[in-house]
Amino acid sequence: MAAVLGRVTSRIADFLRDHAPLLRKLQWGIVAIYAFLLIVPAILPLPGNAASVFNNLTIVAQFAFWGVWWPFVLISMPILGRAWCGWLCPEGMLTEWASERGQGRAIPKWMRWGGWPFVAFALTTVYGQLVSVYQYPLAVLAVLGGSTVAAMIVGWRYGRSKRVWCKYLCPVNGVFNLLAKLAPWHFKVDEEKWRHPVIRIEPINCAPLVPLRHMKGAGDCHVCGRCSGYRGAIALTPRSPEEEIVHVADGDAWQTALLCFGLMGIAIGAFLWSASPWYVTAKQWAATWLVEHDIMWPLMDNAPWYILTHYPDVNDSFSWLDGAGILMFVIGATVIVGGASFLSLWLADRLAPAASPVNAPAARWIRPGVHKLAQALIPSAGIGVFLGLSATTINLLKHEGVQAAWAGPVRFTLLTLAVLWTLRLFARLLSPRPVSVTRKLAAWIVLAAGLAPFCMAWVYFFAIW
């Protein structure tokens, strides 16, 4: 069976390699659709209450971007790897196209900083909430369009036929990198064949800047197929979805931050604030206090739409207090939910420490074993973001009259399966650690407890609020 799957995946990769011009045409088609849905709704009047996906282009674009595109791009990562990036992504296509015609400058040191995936994700997520990116086409144009323009500028200025933006600055690069580690296939490198190639060697362009000879996992690979068969040593190969997390990925501080404080903190706060009665209560208390002390400017809604939501024609404008309240809610969720998950990792690593590498520092506040354990959070963190985005899908379907009684059971089933997978991965990662079974069990219980605030957040969102 494995041999059959290997032949099938190898043929898929060879097809992608041999039909690169066809793939490029498909990408240009996606770019055209993307540009149309991005720009045209932004210059049309806002839809009325009676508008639907059947009679209004703005609603069509809203459903396409937030009801279909983003949720299912995310869910494609653990199934296909980063095939979206290599096959369909308009930003990836445009930044590479610009790089082919650009200045070809060396990539600056500041751009290589490892914290950009976390920082870009955090800033984009929070800004999107402040300008109501899920509701208004101007906000979509600012967030997605601004990102696309930046991608083209970076591509034009740096690299030569490379996807420098995708590698270092794309706001979702870090998220995609994590989720693709669960993919059941990857381009495997045979090091012996690499050293002694049996076929003619032709130059290839790895646009996402993956060091092909040392490629071990699927996190950085865009599955474009260009390297298939290179030196007779690279082939698209099936694998266990757990292989990379258990045997390959060690993680690092920024990936841990993105998992705990990004996907399980900032993202949850961004999804939950609009449904939370706690947010409303806190804002009402703050507004009362401000009025009593004759401080009125935070209650004004005079910020432009590109700073805070401002659409008075449809009676939807955020005051400065609204913006501050959203920020505080997101920060609170990050501290409580993200902090709990990180603290559990830290405590578990103290209870069941990994074997120290040779010449490792004798004492470190955060040891590498914490980052290794954090990789097990990928299924839970990923399903959390999917559930949050799919809430928009469900709301749009309800607006069109579709019954959604099935949504609750499906949501909790997916959440349960993802959490169970995370717990299984925790057990597998703790298993080889050189401590007693009792300490491993205690560490596993601590890790499970760290997921409780994350799970409760979704219970509140989907069942209580």
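**Contacts, cores and helix packing**

User: Leaving aside neighbours within four places in sequence, what is S10 in contact with?
Analyst: S10 is in contact with S228 and L236, once its neighbours within four places in sequence are set aside. Bear in mind that this is a predicted model.

User: Where does S10 sit?
Analyst: S10 is in helix α1, which covers residues 2-18.

User: How far apart are S10 and F187 in sequence and in space?
Analyst: They are 177 residues apart in sequence, while their C-alpha atoms are 9.2 Å apart in space.

User: Let's move to the cores. Which residues touch the most other members in the largest nonpolar core?
Analyst: That core has 100 residues, and the ones touching the most other members are F65, L144, F176, L345, F426 and W458. Helix α12 supplies the largest share of this core, 11 residues.

User: Which other core lies apart from it?
Analyst: A core of 18 residues lies apart from it, and A83, F187, C206 and A233 are among its members.

User: Back to L144. What is L144 in contact with, neighbours within four places aside?
Analyst: With those neighbours left out, L144 is in contact with Y34, L38, F65, W66, W69, W70 and E91.

User: Now α12 and α16. How do their axes cross?
Analyst: The axes of α12 and helix α16 (residues 378-399) come within 10 Å and cross at roughly 20°. Angles under 35 degrees count as roughly parallel, so α12 and α16 are roughly parallel to each other.

User: Is that crossing left-handed or right-handed?
Analyst: The crossing of α12 and α16 is left-handed.

User: Which residues make the contact?
Analyst: From α12, L259, L263, M264, A267 and F271. From α16, I378, A381, G384, V385, G388 and L389.

User: Last topic, α6. What does α6 reach from its first C-alpha to its last?
Analyst: Helix α6 (residues 116-130) has 15 residues and reaches 21 Å, close to the 21 Å expected at 1.5 Å a residue.

User: Which residues of α6 are buried?
Analyst: The buried residues of α6 are P117, F118, A120, F121, A122, T125, V126, G128, Q129 and L130.

User: What covers them?
Analyst: The cover over the buried residues of α6 includes α7 (137-157), α8 (164-168), α9 (173-179), α12 (253-272) and α14 (320-351).

Note on methods. Residues numbered from 1 in each chain as written. Predicted model: local features only at pLDDT ≥ 70, side-chain atom pairs only at ≥ 80, totals over all residues. Heavy atoms only, no water. Helix = DSSP H or I, 4+ residues; strand = E, 2+ residues; numbered from the N terminus. Expected span 1.5 Å × (residues − 1). Buried < 20%, exposed > 50% of the residue type's maximum accessible area, 1.4 Å probe, protein only. Contact = heavy atoms within 4.5 Å. Core = buried A, V, L, I, M, F, W, Y, C linked by side-chain atoms within 4.5 Å. Axes fitted to C-alpha atoms, helices over the stretch in contact; angles between N-to-C directions. Parallel < 35°, antiparallel > 145°, perpendicular 65-115°, else oblique. Left-handed = near helix turned anticlockwise from the far one by under 90°.
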